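Thanks for coming, everyone. Let me put the model on the screen, and then I'll walk you through it.

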Amino acid sequence: MDNSSLLMVGIGGLGCAWAKRAHSRCERNIDLLLVDSDARGLESSTQAHVLQLGPTLESSGCAGLPQLGEQRMRALSDFTSRVLEPVELVIILTALGGGSGSGAAPEMARQAKRRGAMVISVAAFPFEAQQTRRAVAEESIAALESYSDVCVRLSLDRLAWQARERGVDWRLGAAWIEEFVEGIVATISHLGLINLDLMDLRSIVSKGGASTLLVAEGDPEQPMRLFKQAIESPLYDVNISGARGCLIQVEGGTGLTIHQLNAVTDAFTSGIHQDAQVILGARTTPELEGKIRVVAIVSGVGIH
Ligand SMILES: Nc1nc2c(ncn2[C@@H]2O[C@H](COP(=O)(O)OP(=O)(O)OP(=O)(O)O)[C@@H](O)[C@H]2O)c(=O)[nH]1
Ligand SMILES: [Mg+2]
């Protein structure tokens, strides 16, 4: 797949920071667009499209005003139209609760959708203690979900907890997000043994209901542990038990066996609806010798 047909978009301060780091791990496979009102967030060491929201002379944010973020994003639709021209799939990364991300992310998703692209959004929720920001986030996520084919909710509390475990600053240490996005991009951009493509993805996400993504990497002989790792990630509370659709892409080293493939597929689909549509893809890559990576897109999910 041509990499200009995939676009990663970081929106707002944290969203841009995460997108830059995630992009540096898969830059050959996906283009990058950074959107923020604060110029400091837009500097990038890799090649990126850059979009500053609003007047360029001030380097402040949207001061927690999502309406401002949305208006400014709307005003830039000529630019986004050009960037979106060849794009088939957009992955949006943002943290909600401020002005830029909460306002501009749903508008970006709306513009991408209107141009016929598929939209996967990864949106973090503010800390429990930040009640005002959480109210802003609740409103924004409803709009973002309505314009996204898959919307993955993350919890900043869980991300911060995990960063502490790894001994890093939570703002910089979102390694989990990098791995997660890298997994998605690798899955979508590589051709598999059993070939999956965007049509398969569309067929799964068109099931209706909420959708989410699970990503895990580890020992191919420990399928249940991989599944637990995916479920216990910094996702917002997700319950996949009633899911109606599941697309699973498994990547392993050249030693990947059919037995391992079946075991991991069983682990990831054991709890979903018995009549769910399951689409399976697999590929081998020398980079993953002795390891296995699973990316599952689950649709028809209830979020509690
Ligand atoms: N406690 C704390 N939370 C933060 C901090 N920075 C970001 N956050 C959280 O992350 C969310 C998103 O922050 P940003 O990405 O900086 O917001 P933005 O989209 O750039 O929004 P504006 O700066 O208002 O335009 C906020 O709602 C907070 O919940 C910080 O320094 N301390
Ligand atoms: Mg900001």
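Start with one term: a residue is buried if 20 or more other C-beta atoms lie within 10 Å of its own, exposed if 12 or fewer, and partly exposed in between, with C-beta atoms placed from the backbone. Helices (H or I, at least four residues) and strands (E, at least two) are DSSP runs, numbered from the N terminus.

Ground rules next. This is a predicted model, in which local features need pLDDT of at least 70, side-chain atom pairs count only at pLDDT 80 or more, and totals for chains, interfaces and linings use all residues. Residues are numbered from 1 along each chain as its sequence is written, while chains are lettered from A and ligands numbered from 1 in the order in which they are written.

Now the overall picture. The protein chain has 10 helices and 11 strands. Its radius of gyration, taken over C-alpha atoms, is 18 Å, close to the 19 Å from the globule rule (2.2 Å times the number of residues to the power 0.38) for 304 residues, so the chain is as compact as a globular protein of that length. The C-alpha trace spans about 60 × 40 × 35 Å along its principal axes. Of the 304 residues, 51% count as buried.

On to contacts. Two residues are in contact if their C-beta atoms, placed from the backbone, lie within 7 Å. Take the contacts with a separation of 6 or more: 78% of them join residues 24 or more positions apart.

Let's look at β4. Strand β4 covers residues 89-95, and seven of its seven residues are buried. Which way do they point? L89, I91, L93 and A95 point one way, while V90, I92 and T94 point the other way.

What does β4 pair with? Strands pair if DSSP finds at least two bridges between them. Strand β1 (residues 6-11) runs parallel to β4, joined by six bridges. Here V9 stands opposite I92. Strand β5 (residues 118-125) is also parallel to β4, with seven bridges. In that pairing L93 faces V122, and A95 has A124 as its bridge partner. β5 is mostly covered too, with seven of its eight residues buried.

Now the core. A nonpolar core is a set of buried Ala, Val, Leu, Ile, Met, Phe, Trp, Tyr and Cys residues joined through C-beta atoms within 7 Å. The largest one here has 98 residues, and those with the most contacts inside it are V9, V90, I92, M108, I184, V294 and A296. This core draws at least three residues from each of domain 1 (3-185) and domain 2 (192-303). V9 is worth a click: leaving out residues up to four places away in sequence, V9 touches A19, L33, V35, V90, I92 and M108.

Helix α4 (residues 100-114) has 13 of its 15 residues buried, so the rest of the structure largely encloses α4. G116 follows α4, with a positive phi near 90°. The buried residues of α7 include F180, V181, I184 and I188.

Then the domains. The chain divides into domain 1 (3-185) and domain 2 (192-303), with bounds from an automatic or database domain assignment. Their centres, over C-alpha atoms, are 24 Å apart. The contact takes 19 residues from domain 1 and 17 residues from domain 2. On the domain 1 side, β5, β6 (150-155), α6 (156-166) and α7 each supply at least two residues. The largest share of that side, six residues, comes from β6.

Last stop: two single residues. A143 sits in helix α5 (residues 131-146). Is A143 exposed, partly exposed or buried? With 18 C-beta neighbours inside 10 Å, A143 counts as partly exposed. A143 and A109 are 34 residues apart in sequence, yet 9.1 Å apart in space, C-alpha to C-alpha.

S241 lies in the loop between β8 (238-239) and β9 (245-252). S241 is exposed, with 10 other C-beta atoms within 10 Å. Beyond its neighbours within four places in sequence, S241 is in contact with G271 and I272.
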